[in-house]
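Student: Could we go through the charged side-chain pairs in this one together? I'd like to see the structure before we start.
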Amino acid sequence: IDAIGGQRWTIRDNLIRGIFCQDGSLAGPAVLMWQGSSDTVVERNAFVDCARGVALGLVSSQDHAGGVVRNNFFRWNPDAAYQVDVPIYTTSPGSAILHNSVLTHGLYDAAVEVRYAGATGVEVRGNLLDGIVRPRDGAAPLVADNITDANPAWFADEAAGDLHLLPTAAAAIDQLDPLSGCSDDFDGAQRPAASGAVDVGADELEGPLLADGFESGDTSAWTATVPG
């Protein structure tokens, strides 16, 4: 998905898999909103074995304004024979990166990058990551309540890109106060659950896993949709 001047796009409930270059060179982002785009919402998608993930803006802080990336799964292939880059990237002033779950498997040291001094007012909060949050070129985002050493064993089936939490992921469960900009989770289930606290990452653990890998409280499954 590559949009120039896209206004108020919502990219939701997609499984996006295998966006990479066969010759091993670096592919562009799987989702790129830039050159005058604004207020993009990217939520409840699973990005599996891609070279890059989501980019709100690319080459300057004027590329994109506002927007939110929330409640997405990102899983990079540890055996990738192609070049990879950061899963979540923003140059967009006023953007928010909230409650995503990211496994890079060490292929890239940052899970989130915020770039340029003009990218003011950016928030990176509540994300479950196995890489750092990196400010670049003068960016100074608010970075709070993230985990940056996520363990693949915390997830239902990380090899398949299913980053629903297991009950054994105690370090991520019921750790945070609710965020006003993220009142549900990857499955559309409401945050918080009965405890009043919320989990770190895209999944709010609600009940035991079913045979299909979803939790007993889940209300949706992955589908492919085209934004309009």
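Student: What kind of contact do Asp184 and Arg44 make?
Tutor: In this predicted model, the side chains of Asp184 and Arg44 meet in a salt bridge, with an N to O distance of 3.7 Å. That pair links distant parts of the chain, since Asp184 sits in the segment after strand S21 (162-165) and Arg44 in the loop between S6 and strand S7 (46-48), 140 residues apart.

Student: And are those two buried or exposed?
Tutor: Asp184 and Arg44 are both buried.

Student: OK, what does Arg70 pair with?
Tutor: Arg70 forms a salt bridge with Glu43, and the closest N and O atoms are 2.8 Å apart. Here too the pair links distant parts of the chain, with Arg70 in strand S10 (residues 68-70) and Glu43 in strand S6 (residues 41-43), 27 residues apart.

Student: Why does Glu43 count as buried?
Tutor: Glu43 counts as buried because its relative accessible area is 4%, and the cut-off for buried is under 20%.

Student: Switching topic, where do Arg136 and Glu113 lie?
Tutor: Arg136 is in strand S18 (residues 132-136) and Glu113 in strand S15 (residues 110-115), so their pairing ties together parts that are 23 residues apart in sequence. Their side chains meet in a salt bridge at 2.9 Å, N to O. Glu113 is buried, with a relative accessible area of 1%, whereas Arg136, at 24% relative accessibility, counts as partly exposed.

Student: How many salt bridges turn up in the whole structure?
Tutor: The search of the whole structure finds 13 salt bridges.

Terms used:
Residues are numbered from 1 along each chain as its sequence is written. This is a predicted model: local features need pLDDT of at least 70, side-chain atom pairs count only at pLDDT 80 or more; totals for chains, interfaces and linings use all residues. Side-chain values use heavy atoms; hydrogens and water are left out. A salt bridge is a side-chain nitrogen of Lys or Arg within 4 Å of a carboxyl oxygen of Asp or Glu. Helices (H or I, at least four residues) and strands (E, at least two) are DSSP runs, numbered from the N terminus. Buried means under 20% relative accessible area, exposed over 50%, partly exposed in between (1.4 Å probe, protein chains only).
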